[in-house]
There are 2 protein chains.
Amino acid sequence: MNQDYIKPDAWSIIEEGFDATRVESSESLFSIGNGAMGQRANFEEKYTGDTFQGSYIAGVFYPDKTKVGWWKNGYPEYFAKVLNAPNWIGINVAINEETLDLNTCKEVKDFVRELNMKEGYHQRSFVAVMPNDLEVKVTATRFLSIVDDELGAINYEVEVLNADAVVKFMPYLDGGITNRDANWEERFWQTLEVRAENDQAFVVSKTLKTEYHVGTYMQSEVTLNGEKLQVEGEVEKAEDQVSIAYAVKVGKGEKIALQKYAGYVTDMNHNQDSLIAAAKNVLQKATTSGFAQLLQEQKEAWAKIWEMADITIDGDVKAQQGIRFNIFQLNQTYLGKDERLNIGPKGFTGEKYGGSTYWDTEAYCIPFYMATKDQQVARNLLTYRYNHLEKAKENAQKLGFTNGAALYPMVTMNGEESHNEWEITFEEIHRNGAMVFAIYNYVRFTGDYSYVPEMGLEVMIAIARFWQQRANFSKNWNKYVILGVTGPNEYENNVNNNWYTNYLAKWCIEYCIENIEKIKVEYAEDYSRIMTKTSLEAEEITKWKEVAENMYFPYSEKFGVYLQQDGFLDKAIEPVSTLSKKQRPINQNWSWDRILRSCYIKQADVLQGFYLFEDHFSEENLEKHFDFYEPITVHESSLSPCVHSIQAAKLGRMEQAYTFYLRTSRLDLDDYNQEVKEGCHITSMAGTWMSIVEGFGGMRVVDGKLSFTPQLPEQWNGFSFKVNFRNQILKINIGKNETTFSVDGNDPMTVLLNGEAIEVQNTLKS
Amino acid sequence: MNQDYIKPDAWSIIEEGFDATRVESSESLFSIGNGAMGQRANFEEKYTGDTFQGSYIAGVFYPDKTKVGWWKNGYPEYFAKVLNAPNWIGINVAINEETLDLNTCKEVKDFVRELNMKEGYHQRSFVAVMPNDLEVKVTATRFLSIVDDELGAINYEVEVLNADAVVKFMPYLDGGITNRDANWEERFWQTLEVRAENDQAFVVSKTLKTEYHVGTYMQSEVTLNGEKLQVEGEVEKAEDQVSIAYAVKVGKGEKIALQKYAGYVTDMNHNQDSLIAAAKNVLQKATTSGFAQLLQEQKEAWAKIWEMADITIDGDVKAQQGIRFNIFQLNQTYLGKDERLNIGPKGFTGEKYGGSTYWDTEAYCIPFYMATKDQQVARNLLTYRYNHLEKAKENAQKLGFTNGAALYPMVTMNGEESHNEWEITFEEIHRNGAMVFAIYNYVRFTGDYSYVPEMGLEVMIAIARFWQQRANFSKNWNKYVILGVTGPNEYENNVNNNWYTNYLAKWCIEYCIENIEKIKVEYAEDYSRIMTKTSLEAEEITKWKEVAENMYFPYSEKFGVYLQQDGFLDKAIEPVSTLSKKQRPINQNWSWDRILRSCYIKQADVLQGFYLFEDHFSEENLEKHFDFYEPITVHESSLSPCVHSIQAAKLGRMEQAYTFYLRTSRLDLDDYNQEVKEGCHITSMAGTWMSIVEGFGGMRVVDGKLSFTPQLPEQWNGFSFKVNFRNQILKINIGKNETTFSVDGNDPMTVLLNGEAIEVQNTLKS
């Protein structure tokens, strides 16, 4: 926890003062991205202190040879991971032939770094006293364009404060990049071509094995006091690198600046052979516009995103900063334009978790994207999984399932499983349920049923097949049981009858059957296509029903609660509050077996089920389960506090809901888990959004209408957000005394406020 | 399975014909060792086909940096593994400057390989047609001396059948050796010195990190038709290698031979600085004796071992060959002279399992060594664990245990845990019970109680402390439970209340308390020393008792059997016989999760408990459990069939007992699991011995006397074995019609035969 490091500000993340020990953490927090690429906030100039270099291209991955202790049958051979890509931000700077390096300067003064979330850029300025006693003021501004997502731009301005001097900029491209988390220290990239032409340079590389071709490019211009200078560039080429140096003699106090336009073009979007041409095309447009104009367009584009996605919080700047940081990072990671892409748990802010897709997308991210973007975005996320259906079937087949049963991977880039811990890879199968829930959620929210006959039903059938085969009949209970699973609570492994998993399995089958019946009647053509394709017969459905209807659920009569799993009550049950601080987080202080046999829960498990299927349980029942499970939950997953925040709000426990909210929204800003240097927790940021909208706002979909039961944390004066509901934009403003609604456009919208129907017009009235 | 490859023979393992695809398997089967060192049966001459080079020195290990997928708290940093040591067997051979290499010869005829178990040597002969059309007959004889366990000797004889030719022998030493199973392809050895003097050569190396210093040495002599020749050697030295070449022009049909004396001296037994001097000393003695004399001494020494350890089987040569192979390999692996050494699961025949010590020693090997060697040998094995007690306490401390509780490692070389799969390392804790059972077994068999006050009780106390802390009180059962364990049946992981583990835990505590009370009365001085050292108070013992007396045991009223673990009856229970052949062994054909949730048992689990504590259960009860569990046991551990063989014999099911016996005794010879090329299953070979002595012989210790209930498999005419019981040698001869006993020395011995006391004299009468 590092609560006071980041300055509170409604629209910006601000760091003041240079602290070498914080460089890696700040590189994560100040990351920038545009959905197609992203990068950690590394310095442009040379830096010899501790730094974690990272620049990533969405969708470009490498199947790293997997690393395990003891091989288990069924493990995948490869762990597909997002690649640290060629570096294009680099600008070495020498002044009177001395290299600028904050790690070797005599003094670094007035260091300020700002991530301007409103306008979508990163800026860093400082005054450095160099070893040669030159005092240099630097202001570096950088952004990744969301207007042209192949383009990045840097304005790097230097002012020598105490002498005339020769300033030499050496902007470069470097293709000799490795991943910090490479399993075998292999190199992932091969450089194919290094080229320099006038002020432009190009490095064409390909990834080994996957053969993604990437063109990294740059073009630079030099200005003196804002006026463009003609300076002859000096090219230097190496095997993986190219630089073009510009040296200018400048007077004391003059402002010399380099504008660098750079980025990636890939063969995901261009012909392999025309990458350099494509890059030239981007550069042509960029240099015609110039840095100022590009930045202006960036600001306007971000304004449009904020117009829809912003949540305002009145009277609590830290809460405001937290939610905007979350919304900003989500939009930097995924903008929803491309159904080949998805949302990695760390986005473009680090390498951990391989940058791959987890069930986080379906369980946490879809609601955010569904409500703050065009509904096509959520549909793209669903289509991503539909496109992976065949791979999911292969995955299940590897584990012994037959007849087109599918098991979606725990971690994936291309549909193949990458994860390799048996207790997760093979057993954390509840993820399959999240795939179906996301479809249900999409239909419920958008009202767009067309996805189901077109794609969704095939996914549901394959998953229903999986559950039916995965359950077995227990003569002991005279019920179907699901043995050997790991629930969302990964602090128990290989358990029998995890309530959440069993509940999802039953629901998946029932929901699938319900949709088969509907499509049979309403989409006869799709029905016959799907039945032919899947060879599904009535007999098989009968078997599914048998399993769903006779599913076993562990339950305690004594406590009146569903049990997380069989045998749960054999544990010594002591609330988390009895643990000493020294023992927390237990995942850093206890051996794994001790964690497993303890009663402590990593993240919502039974309560996760109550969250997804809220309508199936009474509020009284929720309260009983919340009171049973929350006190033994350690929330050591970033995905835990948001669910608890929503449920605490529902139970009217606003103080607790607010505490959970702060924990989720400022998890990275305040570095609760002392690990932000590895990257930010991107997917859980969508949970933060839910805890405001669904928690404090109480937003639900009821009979095809939006319903709200707003509550205001007492620390706040009010808050507001917008929701795109079935192609209408609704704005909700919750104040101390009233809640007001407004709708864009000419059509009114009926919403429920605390159960009462209200017709909302395009004005602000309640 | 490869049932007819090895020729049946009572005293030898014989392979006929050269099959390149079998080279690696035969390298395992024909391994030789002398307790201090051992090696796979690699060819002396160059071989470019598939081969698995291996030469190992007992006790010399390397802490290889561990390899895991995802790190769990509590994992050890290092996996200590036995090292592939410098090669001293190598003799490159060139004839008329063409290198002899069976992989490139035009033809290989009359290839015969024999492992002469009676006399303790390995011999290989063949006629090869070389690419240059020379026809060469080779006979290579090799052994590792059990008289001087630093010495090996080779006689390599060549006869050119179809021409006069120049035969050049190039005996060499090679220190540039790697382990095939190195986790990170690191090199483990550093060569310190390479020296050649006259016909002697030396390579002094040290292991990295552990800094064992090893001198590898050789000296060669050349004979022509049996007469010593003076040939000038030509020395060649490289960074890690040294060779001395001897070239002789020989006539067609003449026999030219090289005698190579070589081996290791280490700083486990000598000063670091005097390794070469020590080697010269060995060579001096060896060359004075000469090859024939050394081989004669070897034969005599093996005769002595066989005199005591042999089991004869009349009328079943395959069974005879099997048991002798097992006894031979056990003696090659461990001779019991050195309490620093132990018995690795693969002995000196391969690298798998790191050559380290497992609970196999206590559960399977001790009975064999106890009965066929001086009782000091078994005591050395116990002392080995006593010497590791402090490390076992540190190991438990790492996992959160306190107050001197000990958890012995799953795998170790020096007392530190090496294993790193959480479900085994942290959870397969029944191994702790095996440590105590071995003490109990030792006292029961040898009558030597002195070990307990001197060392054993401290081990017991530390283990009792572990069990008391590891159990927790379940309000649900009103009993103590042990959660999150893996039993001997590793086809279930992280289960609750594994019956075997719970039973051992209770017994360990009770046996410890019983011994504390005995020592308090009978060994007052030891008692006060131990109580002071362990700070054990009456209160703590009360806590232990509370746990032991209230231990929970899963039991099925319906089936009248103890259940392997909680929830076992939720599984779909189908006998192994319903599985198709294609699915077996399931550990090669099923994904891990499928194995885990199946009912199939890898090895005796509940039945292992019935085996250890036979007296605690009625025969009727054994039968019920055997009939419940055996049909669902796949015996995919080499440690499984022997226990079942003993129990089947006890239940009078001799046909089944015999089938299990063959499976255990010829596991490697017939390559049941298609994996012998990785090495032989050494520790389970002691189980084979048990299945004859305890199974067919029915040997038990009853009230301090040996008791027998012999039964003869119908395939046999008779069998005999010897037992060293309390320093008297008893010979048992079981025939079709009678069992006869004889005892060495002048004192008679009372034994029980089918419950009746018999006084046995030093003659053969029943």
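## Charges over rings

A charge sits over a ring if NZ of Lys or CZ of Arg is within 6 Å of the ring centre and within 35 degrees of the ring normal. In this predicted model, B:Lys81 does that with B:Phe79: its charged end is 5.5 Å from the ring centre. B:Arg324 lies over the face of B:Trp11, at 3.6 Å from the ring centre.

Some housekeeping: residues are numbered from 1 along each chain as its sequence is written, and chains are lettered from A in the order in which they are written. Local features need pLDDT of at least 70, side-chain atom pairs count only at pLDDT 80 or more, and side-chain values use heavy atoms, with hydrogens and water left out.

## Rings meeting rings

Rings of Phe, Tyr and Trp (its six-membered ring) pair if their centres lie within 6.5 Å; planes under 30 degrees apart count as stacked, over 60 as edge-to-face and the rest as tilted. The whole structure has 117 aromatic pairs over all chains. Take B:Tyr75 and B:Phe426: their centres are 5.4 Å apart and their planes at 25 degrees, so this pair is stacked. The two residues are 351 residues apart, so to speak distant parts of the chain are linked. Both are buried (under 20% relative accessible area, exposed being over 50% and partly exposed in between, with a 1.4 Å probe and protein chains only): B:Tyr75 has 8% relative accessibility and B:Phe426 has 1%.

## A sheet in chain B

Chain B has an open sheet of 4 strands in the order β25-β26-β30-β31, with mixed pairing. Strands here are DSSP runs (E, at least two residues), numbered from the N terminus, and two of them pair if DSSP finds at least two bridges between them. At the edges stand β25 (700-702) and β31 (756-760) of chain B; each has a single partner strand, so one side of each is left without a neighbour in the sheet.

Strands β26 (residues 705-708) and β30 (residues 749-753) of chain B run parallel and are joined by 3 bridges. In β30(B), B:Leu753 is the bridge partner of B:Phe708.
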